[in-house]
Amino acid sequence: MGKKATFLYFNFIGILFTAALAAFTIIVGLGSRSNPNEEFLLPLLGLGMIPLLISNLLIMLYWAIRWKIWILIPVIAIAANYEFISAKYQFPNKELPPIANNRLIRVASFN
């Protein structure tokens with residue numbers, strides 16, 4: 001095999017891996033909508049969602065460094081799981097709620 005053929009082969013394998021990882025991430029993301037009493041495997045796979053999203057982020061970084069259009073595949077997979085991401089991480093809200101009569105409620109708990 002020549003240099004160009006080897007490069008094209010590994011590029012093709014990278015594209016297949018990116019597409020498979022994105023498809024698996026989207027399918028596992030649908031596990032949050034399934035009933036655990038009816039299905040067993042999909043909600044269980046949902047426990048690995050954070051490593052899947054981090055993997056998609058790393059693959060997205062790889063394609064961004066190489067300046068390829070394949071960056072859209074992991075972007076779509078991450079965007080499809082926005083519901084999961086927003087449940088785990090609350091994006092900052094710049095607008096503060098109004099304070100009534102300048103009084104704050106403070107709660108102390110030792111739990």
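**Cavity**

A cavity, on a 1 Å grid over the protein atoms alone, is a set of points where a 1.4 Å probe fits but cannot get out. A volume is the space filled by probe spheres set on the points, and grid points are joined across faces, edges and corners. With that in hand, I looked up the largest cavity and found a volume of about 40 Å³. My search of the whole structure gave one cavity of 30 Å³ or more.

Before going on, I noted that this is a predicted model, where local features need pLDDT of at least 70, side-chain atom pairs count only at pLDDT 80 or more, and totals for chains, interfaces and linings use all residues. Residues are numbered from 1 along each chain as its sequence is written, and side-chain values use heavy atoms, with hydrogens and water left out.

Which residues line the largest cavity? I wrote down Gly29, Ser32, Arg33, Ala80, Asn81, Glu83 and Phe84 (lining residues have an atom within 4 Å of a point). Sorted by class, I got two nonpolar, three polar and two charged residues. For this sorting, Ala, Val, Leu, Ile, Met, Phe, Trp, Tyr, Cys and Pro are nonpolar, Asp, Glu, Lys and Arg are charged, and the others, Gly among them, are polar.

**The whole chain**

I found five helices and zero strands, in the pattern α-α-α-α-α along the sequence. Helices (H or I, at least four residues) and strands (E, at least two) are DSSP runs, numbered from the N terminus. Of the 111 residues, 19% are buried. Buried means under 20% relative accessible area, exposed over 50%, and partly exposed in between (1.4 Å probe, protein chains only).

I also looked at contacts, meaning heavy atoms within 4.5 Å. Among those with a separation of 6 or more, 59% join residues 24 or more positions apart.

**Nonpolar core**

A nonpolar core is a set of buried Ala, Val, Leu, Ile, Met, Phe, Trp, Tyr and Cys residues joined through side-chain atoms within 4.5 Å. The largest one here has nine residues: Ile15, Leu21, Val28, Met49, Leu52, Leu53, Ile59, Trp63 and Ile78. Helix H1 and helix H3 (49–65) each supply at least two residues of this core, and H3 gives the most, with five. I checked Leu52 too: beyond four places in sequence, Leu52 is in contact with Leu21, Phe24, Thr25 and Val28.

Is Thr18 buried or exposed? Thr18 counts as buried because its relative accessible area is 2%. The Thr18 side chain reaches the backbone oxygen of Gly14 at 2.8 Å. Gly14 itself is partly exposed, at 21% relative accessibility. Neighbours within four places aside, Thr18 is in contact with Ile59, Trp63, Trp70, Ile73 and Pro74.

Ile73 sits in helix H4 (residues 72–80) and is partly exposed at 22%. Setting aside neighbours within four places, I found Ile73 in contact with Thr18, Ala19 and Ala22.

Ile85 belongs to helix H5 (residues 82–88). Ile85 is partly exposed, with a relative accessible area of 22%. What does Ile85 touch, not counting residues up to four places away in sequence? I noted Leu53, Ile78 and Phe91. Ile85 and Ile50 are 35 residues apart in sequence, yet 8.9 Å apart in space, C-alpha to C-alpha.

Definitions and conventions
Polar contact = N/O pair within 3.5 Å; in protein donor to acceptor, adjacent residues only side chain to side chain. 1 Å grid on protein atoms, 1.4 Å probe; cavity = no way out; pocket = protein on both sides within 12 Å on 5 of 7 lines; lining within 4 Å.
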